[in-house]
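Here is a short briefing to read alongside the model. Please keep the viewer open while you go through the points.

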Amino acid sequence: MRWTTLCSAAVSAATLSVLLAAPTAATGAATAPRDEAPCTAGTAPYQRQLEAELNLEVDGRQSPEDCRAIRDLQRRLGVRPADGRADLRTYRFMLADRVRRDPAERRECPTRAYRVTCVDLNRQLLWVQKGERLVFDPVPVRTGRDGLETRGGWHRIYWRNIDHFSTIYNVPMPYAQFFDGGQALHGTDDDLFTSGSGGCVNLTKADAKQLWDLLRKDDHVYVWGTKPGTAG
């Protein structure tokens, strides 16, 4: 059965591979690390925010030290490419990591004895908590663009379709979990960090699958805030 939907079909971070230097046969000592290429990314839109997060001088101008620190952060968070550029992708993954580490960053989502899927439109993040415990770590999402905003407030998942297809936008909506009219949580191959959806909450396919495995019909969803660049 296909339902007419109101939203369009967004990038799951790749896992960071760490190479360890092997001891030399002669001495058993670790070999020296291979020299890295210089970090040359210039100033980018989220320069000040990342400088503040990394306890760097907040001057809004990229320095070699800034570039290396941002590149190290990208590697730790699995952001690709890890090039030291203070872009929106890196900023959103940084926010997700902050929300994961600090319960105070999750205070706008109500705590209940049952699972609550929290959709933060302000920061374009989603996580699931039960009480004060995270049961699905924060991930970047893409919500409704201006004029087609994701609707705020309390909702409940009323229908799930693992391989749904949008008859309006002619796009697949894998792992779709509908919570309000035609608006759903679902996966996409589109870029999560550009434009916006038609009202749905877009996740990477990998994140959407994990969320599908966790949630059930009648689970609660709470949406708040305003997506940047929309009227709300």
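Is glutamate 108 buried, partly exposed or exposed? Glutamate 108 counts as partly exposed, at 48% relative accessibility, where buried means under 20% relative accessible area, exposed means over 50%, and partly exposed lies in between (1.4 Å probe, protein chains only). This is a predicted model, in which local features need pLDDT of at least 70 and side-chain atom pairs count only at pLDDT 80 or more, while totals for chains, interfaces and linings use all residues. Residues are numbered from 1 along each chain as its sequence is written, and side-chain values use heavy atoms, with hydrogens and water left out.

**Overview**

- The secondary structure of the protein chain comes to 4 helices and 9 strands; these are DSSP runs numbered from the N terminus, with helices being H or I of at least four residues and strands E of at least two.
- Reading from the N terminus, the elements follow the order α-α-α-β-β-β-β-β-β-β-β-α-β.
- Of the 232 residues of the protein chain, 47% count as buried.
- The protein chain exposes about 11,800 Å², and carbon and sulfur atoms supply 50% of that area; accessible areas come from the Shrake-Rupley method with a 1.4 Å probe, and for residues only the protein chains shown count as cover.

**The sheet**

- An open sheet of 5 strands is ordered β3-β2-β1-β9-β4, with mixed pairing; two strands pair if DSSP finds at least two bridges between them.
- Its edge strands are β3 (133-140) and β4 (153-156), each of which pairs on one side only.
- From one strand to the next, the twist averages 20°; axes are lines fitted to C-alpha atoms, for helices over the stretch in contact, and angles run from 0 to 180 degrees between N-to-C directions.
- Strands of a sheet pair through backbone hydrogen bonds, either parallel or antiparallel.
- The parallel sense applies to β1 (residues 115-120) and β9 (residues 220-224), which pair over 5 bridges, and threonine 117 stands opposite valine 221 in β9.
- β1 and β2 pair in the antiparallel sense over 6 bridges, with aspartate 120 having leucine 125 in β2 as its bridge partner.
- The hairpin of β1 and β2 has 4 residues between the strands, and glutamine 124 takes a positive phi near 55° there.
- β2 and β3 also pair in the antiparallel sense, over 5 bridges, and leucine 126 stands opposite valine 139 in β3.
- In the hairpin of β2 and β3, 2 residues lie between the strands, and glycine 131 in the turn has a positive phi of about 65°.
- Since 5 of the 6 residues of β2 are buried, β2 is largely enclosed by the rest of the structure.

**Helices across the sheet**

- Helix α3 (residues 88-101) lies across β2 (125-130) and β3, and runs at about 170° to β3.
- Helix α4 (residues 205-214) lies across β1, β2 and β3, and runs at about 155° to β3.
- Asp207, Ala208, Leu211 and Trp212 are the buried residues of α4.
- Seen down the axis of α4, these buried residues fall within an arc of 140°, so they line one face of the helix; the arc is that of the directions from the helix axis to the C-beta atoms.
- Their cover includes β2, β3, β5 (159-166), β6 (171-180), β7 (183-188) and β8 (201-204).

**Residues to look up**

- Glutamate 108 sits in the loop between α3 and β1; leaving aside neighbours within four places in sequence, it is in contact with Tyr222 and Trp224, contact meaning heavy atoms within 4.5 Å.
- Asparagine 202 belongs to strand β8 and is buried, with a relative accessible area of 0%.
- The side chains of asparagine 202 and histidine 186 are joined by a polar contact of 3.2 Å; a polar contact is a pair of N or O atoms within 3.5 Å, and within protein one must be able to donate a hydrogen and the other to accept it, while residues adjacent in sequence count only if both atoms are side-chain atoms.
- Glutamine 74, in helix α2 (residues 64-77), is buried with a relative accessible area of 0%.
- The side chain of glutamine 74 makes a polar contact with the side chain of threonine 90 (2.9 Å).
- Cysteine 200 is in the loop between β7 and β8 and is buried, with a relative accessible area of 0%.
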